[in-house]
Amino acid sequence: MIPQAAKIGDAKLLVDGKSYDLPLLEGTEKERAIDISRLRDQSGLITLDYGFKNTGSCQSAITFLDGEQGILRYRGYPVEELAEKSRFVEVAYLLVHGKLPNVRENDRFSQLLTQHSMLHEDMAQFFKNYPENAHPMAILSAMVVSLSAFYPELSQDQQNPDEDIDITTTRLLSKLRTIAAFSYKKSAGEPFVYPRHDLKYCANFLNMMFSSPVSPYEPHPVLVKALNVLLILHADHEQNCSTSAVRLVGSAKVNLYAAVAAGICALWGPLHGGANQEVMEMLQSIHDHGGDVEKVIAQAKDKNSGFRLMGFGHRVYKTYDPRAKIAKQLCDAVLNKLGINDPLLDIAKKLEEHALKDDYFISRKLYPNVDFYTGLTYRAMGVPTNMFTVLFAIGRLPGWIAQWYELHNDPAQKIGRPRQIYTGVNQQKFVPMAERA
Ligand code: SDX
């Protein structure tokens, strides 16, 4: 059962001289909402809200965002503190269970991740038939939904009550990491590197990505720590586009793998998680064309240009995305420690400096979001640009899983089925084809 918002009174809606009382709810962080669950029954009216800008889809106890203050907390813990003091696996446990693990719980979770790291060999064969230039997000989504064929334990309607939540969670967290690394190796034309039982989550991923039979790879501690931080920054973000896709698909009582596969497809979009790849390509293009930042800013402000400053702006944050602050500091620290001087970082900082002084961005409250700096650190790790959104998906997976479980444990949840306002033609008479003009 998830905690429910308190009813603090009624909102009054006056339509055609009739007044309707709609419950006024308040959450634990004083956010308020008008509950319109019975609006149509009472008044025959629906609401219309493109992009659900003003519409809540659920009550949730997982993540709290305050877009005006730039606050992000997972189960009450500030993301800044988790990024500094925690590890991704610990945060994954926190999101799914609602509490940080003790030593025993963490050890079991970690052992299960190791136990479930291998992919069924028949699934590994799937990779052979993808073209080398297949986008790894296409492979990721297809492979994740195929897990339901290989691991049918998750009954079609909802999580199998007999199956331990930790087994379901760790199986998906661990196999997604292996699928991601295999999709990179496939694109590089290199042999797969299998997970090692002596390496923890992030080090194992880096090893599967960059080790090869001819050149053993030792995951650099700076990169292991950086990857933990980056995955923590992406771990959940309340009802964003891809999480809403997971919930909507999950609301039809389909299994977790199918719901997550839908989330991966939504995340792929350039307006959403795909933006981290778009940012890198944008920075590279600016660099290749002489680094004229002013020209790019002017383009971003010109509605007719069709160009947007990727990595800038956010539906919820109307101030600096707290994750972007951490990602920028992390990028500086990693590049300094590794002695890397990346001209694209200088371009990114110049873009930020110009945009944050420009009224177009200030008046629209457009700031760097999580995607603006993260790709530069992935690049320092050696991750190719088309894998950036895959890393976003690995980070977001515990959030999707936690939200899916919360959905299935919320008795108030129903199948998601929005209404519409019809604006097409009124009823017409059917005319036989021979008589049509
Ligand atoms: C993520 O929701 C989440 O939580 C997502 C996420 C998560 O963790 O799950 O945080 C991850 O998806 C981050 C966002 C990554 N996307 C990008 O960086 C793509 C570039 N940004 C935009 O396309 C845009 O800002 C969105 C998609 C992020 C938000 O879009 P909205 O809220 O629908 O805002 P909008 O498109 O209506 O823009 C409002 C105004 C418009 O100008 P006007 O019509 O008012 O004149 O701001 C302008 C837009 O043209 N604008 C931009 C801009 N973003 C918005 N102008 C130039 N460059 C931009 N990047």
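The axes of helix α14 (residues 322–338) and helix α17 (residues 371–381) come within 8 Å of each other and cross at roughly 25 degrees. Here axes are lines fitted to C-alpha atoms, for helices over the stretch in contact, and angles run from 0 to 180 degrees between N-to-C directions. The crossing of the two helices is left-handed, which is to say that the near helix is turned anticlockwise from the far one by less than a right angle. On the α14 side, the contact is made by Ala324, Ala327, Lys328, Leu330, Cys331, Val334, Leu335 and Leu338, and on the α17 side by Tyr373, Thr374, Leu376, Thr377 and Ala380; contact means heavy atoms within 4.5 Å.

The model is a predicted one, where local features need pLDDT of at least 70 and side-chain atom pairs count only at pLDDT 80 or more, while totals for chains, interfaces and linings use all residues. Residues are numbered from 1 along each chain as its sequence is written, and side-chain values use heavy atoms, with hydrogens and water left out. Helices (H or I, at least four residues) and strands (E, at least two) are DSSP runs, numbered from the N terminus.

Moving on to helix α10 (residues 241–250), its buried residues are Ser242, Thr243, Ala245, Val246, Arg247 and Gly250. Buried stands for under 20% relative accessible area, with exposed over 50% and partly exposed in between (1.4 Å probe, protein chains only). These residues of α10 pack against α11 (256–267) and α18 (388–408).

Strand β2 (residues 18–26) pairs with β3 over three bridges, and leucine 25 has alanine 33 of β3 as its bridge partner.

Another open sheet runs β4-β5-β6, again with antiparallel pairing. Its edge strands, β4 and β6 (77–78), each pair on one side only. Four bridges join β4 (residues 63–66) to β5 (residues 71–74), with leucine 65 opposite leucine 72. Four residues lie between the strands of this hairpin, where glycine 70 takes a positive phi near 70 degrees. β5 and β6 pair over two bridges, and tyrosine 74 stands opposite tyrosine 77 in β6.

Note on methods: Pairing = 2+ DSSP bridges.
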